[in-house]
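Dear colleague,

Please find the structure below.

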Amino acid sequence: MSKVATAKQKEVQRIVDALSIAIAQHRLKPGMRLVEAQIVEVLKANRNHVQAALQRMALLHIVTIEPNRGAMVAQPEAREAREIFTARRAIESAIVGSITPADIARYRDDIDAQQDAEKRAATREDRRDIVRELSHFHLLLGTVSGNKVLSEILSNLMVRSSLIVALYQRNDIPSCQCAEHGAIIEALDAGDPARAQAIMIDHLNELEQQLDLNDSAFDDLNLHQALLAD
Ligand SMILES: [Zn+2]
């Protein structure tokens, strides 16, 4: 791989990261237009790199690119939202299932700092901080597991989850999940990954239930089934 290609890849990644963080923190909302010229200016980036970054995010389903209209932040449908939660249950169960007490010991400082940050954000009731910290906890578990493939899949699912929360969350201020997160760490620390997995699944079910996913596609399906069930 040439040095030039590496520099370009790094720059594209920098743009992807900046946009992903803004989406995860709900500064960029679903459906918002992503004007190339503005991104070039704000991120002091090259136009080709911005285009490459948007293309990559389109492949990750974080951005939608429409001919003649350009790029916009994706607006996942309710069906996709449910599929993302199914995927998160599978991936995060695998992550939690592979974490040993030794892994927890190695990351003890990061885990403690993370739990403090979650509590502080919940006390301040700052929506952006809460959303960021709650998502960080899940990503941190990926890091603790040491499995880079699972972590990479989870990073993508977490950005898409942020879009879903922005679109379908019923309550404006997300409830504190510090207790559930704490219970997962406690079980892992005690060398009981099966219990940690069960708490994680319950936790993700709870998060999914806080969303209002009864869209028209779901109603159509019911109507279809109702007409067939003679
Ligand atoms: Zn959580």
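In which sense do strand β1 and strand β3 pair, and over how many bridges? Before the reply, two remarks on conventions. This is a predicted model, in which local features need pLDDT of at least 70 and side-chain atom pairs count only at pLDDT 80 or more, while totals for chains, interfaces and linings use all residues. Residues are numbered from 1 along each chain as its sequence is written.

Strands

β1 (residues 33-34) and β3 (residues 70-73) pair in the antiparallel sense, over 2 bridges. Strands here are DSSP runs of E of at least two residues, helices are runs of H or I of at least four, and both are numbered from the N terminus; two strands pair if DSSP finds at least two bridges between them. Arg 33 has Met 72 of β3 as its bridge partner. β3 also pairs with β2 (residues 63-66), in the antiparallel sense over 4 bridges, and there Ile 65 stands opposite Ala 71. β2 and β3 form a hairpin with 3 residues between them.

Positive phi

Asn 68, in the turn of that hairpin, has a positive phi of about 70 degrees. Asn 68 counts as exposed because it has 4 C-beta neighbours inside 10 Å (exposed: 12 or fewer other C-beta atoms within 10 Å of its own, with C-beta atoms placed from the backbone). Lys 44 is also not a glycine, and its phi is positive, near 45 degrees. Lys 44 is in the loop between α2 (36-42) and α3 (47-59) and, with 7 C-beta neighbours inside 10 Å, counts as exposed.

Helix pairs

α4 (residues 78-97) packs against α10 (residues 193-209) at an angle of about 160 degrees, with the axes 9 Å apart. Axes are lines fitted to C-alpha atoms over the stretch in contact, and angles run from 0 to 180 degrees between N-to-C directions. The angle makes α4 roughly antiparallel to α10 (over 145 degrees). Among the residues making the contact are Phe 85 and Arg 88 of α4, and Met 200 and Leu 204 of α10 (contact: C-beta atoms, placed from the backbone, within 7 Å).

α6 (residues 108-124) and α7 (residues 127-145) also pack at about 160 degrees, with their axes 8 Å apart. That makes α6 roughly antiparallel to α7. Their contact includes Ile 111 and Ala 117 of α6, and Leu 134 and Phe 137 of α7.

Regards

Conventions:
Parallel < 35°, antiparallel > 145°, perpendicular 65-115°, else oblique. Contact = placed C-beta atoms within 7 Å. Buried ≥ 20, exposed ≤ 12 C-beta atoms within 10 Å, placed from the backbone.
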